Amino acid sequence: MGTRVTQLSCSLRCPITGQRLKVPGRGASCEHVQCFDLVAFLHHPSQRLGLGGWLCPVCERQIPTAELRHSPLLAEVLSSPLTQNGPSREGMVEVFPDGTWRVSSRKRAHDAIVIDD
């Protein structure tokens with residue numbers, strides 16, 4: 001049997017500002033689910049590498065400007081009533097391969113891989 005990823009956890013906080021995400025984004029070639037806030041990212045000088053280049057604050061991969069992407073999945077999570085109030089407002093969510101998600105009780109902001117052999 002092979003290894004299959006059954007869920008990934010990510011934070012609703014921006015890794016740049018520490019604030020709740022407003023406009024969730026990531027690089028097209030990034031392999032993580034975790035997003036950063038696109039507005040904060042574009043205005044944060046330490047993320048800029050020069051003409052047309054950026055550095056992902058999650059995986060430190062170079063991201064050409066043309067490869068910056070808005071995340072509709074995390075935008076949906078952020079607009080859900082389930083993440084509007086209480087601890088889940090800036091907490092964690094678990095994302096599943098089929099695009100569904102749920103509020104997580106995890107406290108740490110990193111991808112968590114559950115292996116289902």
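The model is predicted, so local features need pLDDT of at least 70 and side-chain atom pairs count only at pLDDT 80 or more, while totals for chains, interfaces and linings use all residues. Residues are numbered from 1 along each chain as its sequence is written, and side-chain values use heavy atoms, with hydrogens and water left out.

**Helix α2**

Let's start with helix α2, residues 72–79, whose buried residues are Leu-74, Val-77 and Leu-78. These three lie on the same side of α2, because they cover an arc of only 95 degrees around the axis; the arc is that of the directions from the helix axis to the C-beta atoms. An α-helix has 3.6 residues a turn, so residues three or four places apart point the same way. Turn to the other side of α2 and you will find Pro-72 and Ser-79 exposed. Here buried means under 20% relative accessible area, exposed over 50%, and partly exposed in between (1.4 Å probe, protein chains only). Helices (H or I, at least four residues) and strands (E, at least two) are DSSP runs, numbered from the N terminus.

What do the buried residues of α2 pack against? Their partners are β1 (8–11), β2 (24–27), β8 (92–95) and β9 (101–104), with contact meaning heavy atoms within 4.5 Å.

**The aromatic rings**

Rings of Phe, Tyr and Trp (its six-membered ring) pair if their centres lie within 6.5 Å; planes under 30 degrees apart count as stacked, over 60 as edge-to-face and the rest as tilted.

| Pair | Centre to centre | Angle between planes | Class |
|---|---|---|---|
| Phe-36 and Phe-41 | 4.3 Å | 25 degrees | stacked |
| Phe-41 and Trp-54 | 5.2 Å | 40 degrees | tilted |

Phe-41 lies in helix α1 (residues 38–43) and Trp-54 in strand β5 (residues 53–55), so their pair ties together parts that are 13 residues apart in sequence. Ring pairs link Phe-36, Phe-41 and Trp-54 into a cluster. Phe-36 counts as buried because its relative accessibility is 0%, and both Phe-41 and Trp-54 are buried too.

**A three-stranded sheet**

Finally, an open sheet of three strands runs in the order β3-β2-β7, with antiparallel pairing. At its edges stand β3 (36–37) and β7 (68–70), each with a single partner strand, so one side of each is left without a neighbour in the sheet. Two strands pair if DSSP finds at least two bridges between them; β2 and β7 pair in the antiparallel sense over three bridges. Gly-25 stands opposite His-70 in β7.
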